Every structure is written in C-alpha cells, then in structure tokens.
Amino acid sequence: MQRLNSVNPETATEPAKELLQTVQQAFGVIPNTARVMANSPAVLESFLAFSTAMGKARIGSKLHNQVKLNTSETNACDYCTSILSAIAPSAGLSADDILAGRTGQSEDHRTNAALKFSEAVLESRGKVTGEQLVDVRNAGFSDGEIVEIVASIVLGCFTNFLNNVANTELDIPRAKPVEVRSTPTCGTGACSVH
Amino acid sequence: MSRTPAIAPESVVRKAKVLLDAVKSKLGMVPNIARAMANSPAALDGYLSLSGALSQGEFSPPLREQIALAVGQANGCHYCLAAHSAVGKMVGLTAEQIKDSRRGTAVDPRSDAVVRLARRVVDQRGLVTDSDLAIARQAGLHDSAITEVVANVALNIFANYFNHVAGTDIDFPKAEPLDDHREACEATPGCDSNR
C-alpha cells in the first residue's frame, strides 16, 4: 500500500497545481511520482529544476538515463526502473540501451566504463579509488562529465529514495526484472569520521 | 588533495561564471565545492537549483543544516561536515546542536524526528519501515515534511558523493571531533567501534 499521499491535480492548490500542469505539458501525463512529490511544492519544484538543468549535461540524455536506470536497480526502486524504462524511448534509448543501463553492462566501451564508475560511486558513496577515477578518464570522460555522472546518480537517488519511502503505486507497466551485477549498497558500508 | 581542478571564477565560461557569481553574492565567498562542480555548468546549475528550491520549503535554515550534518556524518564527508558546521553556526546552531545532529539526534522533538528519519532514509536507501514513518508522524511530520526530508537527503548526498569523488580541498575550519572514537563510530553505520 502506498505510504504517502498522491496529490490530485484536479483539486491541488497553488503552487502545486501549476507545477503539476508543467509536468503534464512536459510528459503528456502526470506520473504518480510527481503527485507524491507535490505533497511539498518545494520538492516538486526542486526536482523539476534539477532535471531541467541536467538536460544540458554534456554526457547527453542517453547516458544520463542509463545512469539513472542503473542507480534505480541498485537502490531496488521498482517504480523508478519501470517509469524510466517507459519514458526512455522518448529520450532516444533503444531496448538494448535500457537493458545496458539496468544491468550495468554495455557493449559500448565508453558506456560500460561510465556505468562501472557509476556503480563504484554508489557502492562507496563517492569514495572511489584513484584507479577507478583513472579508468573512467581513460574511457574519455572529462572532469565535467564525471561531475555529471555523479549528478545523474544523485537525481536517480532522489526519486529512488522518495518512491521507496512512499511505496509509490505503479501507474505504468512494471518493468520485467533483470539480473543485475551489483548488490544494493547506497546507504551501507563502513566509514568513520572523527 | 583535490582530484578535479577547482575552477577560478574569473576564468570560466559565461554560464559557469553567472552561477559562481550568484554563489558569491549569497555566501560572500565561492567555496571549493562550487568551483569544482563548475567543471560542469549543468551539474552546478542542478545543484544550486535543487538547493534554492528546497530553501523555499517548510524547514527552517537551522533544521536544514541539522539534516546536512546528520547525512554528512552518515556518509563520512569531511568537507561537508566542515562546511555545515560553519554554516550551522552562522544560522544559529550551538556547538552542542551541531554535535547532536552529527549523532543523528536533536533535543527538540520535531527536529529529532526529522534528523532521525533523514538518517533512516540514507541507511535504508528509502526503504524505511512502516514503524519509521509512524514515529515521524507521531512527532507531527506530515507527508509534506516527510517528502522534504527525502529531498534534503538527496541534496546532501549530492554534495557528499561529489566531494568524495572530487577530493575537494576543505576551505572551512575543520569540523570539531566528536568526543571519542566510540561515539563517532556509533553515529556511523558499518563502523567497528573496537577497531
């Protein structure tokens, strides 16, 4: 059962109403995840602004979406994997691109390196080794693009965590499960600060 | 040592410069995190937009700093702890409140519920239990506040992960040590306090 309310766009008050209309214009529908975010207009606005800014990322929308798919698998967010798979074709991803994102394995060397790096960031909460950083650089990623991979992971975590908290009901077909290489680790693991 | 170059505000392309100027006018300085993020104007814009929109939410500036300290501690981000100890002080948190936040608690019941839920969201990647949510609701957190806790966690994870990847040089006074190793350890998931 869903654990947070979904705001009904028909009965929403401003500023949530207008933000939900923006979503409708952008996607043609108002996914349930946006209705959950609308519990706090500031949150929905922050998400839309962050997503819009990332639309200009140099890594391009294909890799941006593949990183989000990969993050969603690692964070075990069914809703996120399903909705990202559903909207990915409109962002130019083929079925193979989607599968590569979800499994973290791509035949394209550059994409594969980015997905490996992305998994390392999630697993270590950013504390990647020097070697992992060298690997992604050797695959041709600039400092700016590395920053963008991190930002894509975070955008993924944003929706993953929220939909996991809300247990958001699927309003789109559930994506068929795939075998993933990594185990969930976004919030676990040893670290110590004194 | 920093692993990605810090971008000097006077040397960057126009988009990044506009963003860094905005940071400067707000904080009076351009911290290294913003300079390093400026390697990608899109990501810096994303970070600042996320932060800016959330500052218009229902949480006060001190409460948002308390969340930042709790999440920064959970993820072991030295840069973030230094920055948010400094900013926390600026917005009125006492030294004890700063330490409490890092331990994942607060004296005020509502703040305590917010900080605790933030930690649970980090530790469980959002897969918190029904009982976690019931405790938050009993402390008066409605769906809007719960949603804001999650978004603020995401904002801080951005800074945490980014600073780790970049190895951002700390340009704030170092965060105070928590009282002893055991205590720091107990505030940190996965830490072996006997080590």
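Which domains does the domain assignment of chain B give? In this predicted model, there are two entries: domain 1 covers 1–56, and domain 2 covers 60–163 + 171–186. These bounds come from an automatic or database domain assignment. Residues are numbered from 1 along each chain as its sequence is written, and chains are lettered from A in the order in which they are written. Local features need pLDDT of at least 70 and side-chain atom pairs count only at pLDDT 80 or more, while totals for chains, interfaces and linings use all residues; side-chain values use heavy atoms, with hydrogens and water left out.

Taken over C-alpha atoms, the centres of domain 1 and domain 2 of chain B lie 23 Å apart. Where the two meet, 13 residues of domain 1 are in contact with eleven residues of domain 2 (heavy atoms within 4.5 Å). About 1200 Å² is buried between them, and carbon and sulfur atoms give 75% of that area. Buried area here is the accessible area (1.4 Å probe) that two parts lose on being put together, summed over both. On the side of domain 1, Ile33(B), Tyr47(B) and Leu54(B) lose the most area to domain 2, together 43% of what that side buries.
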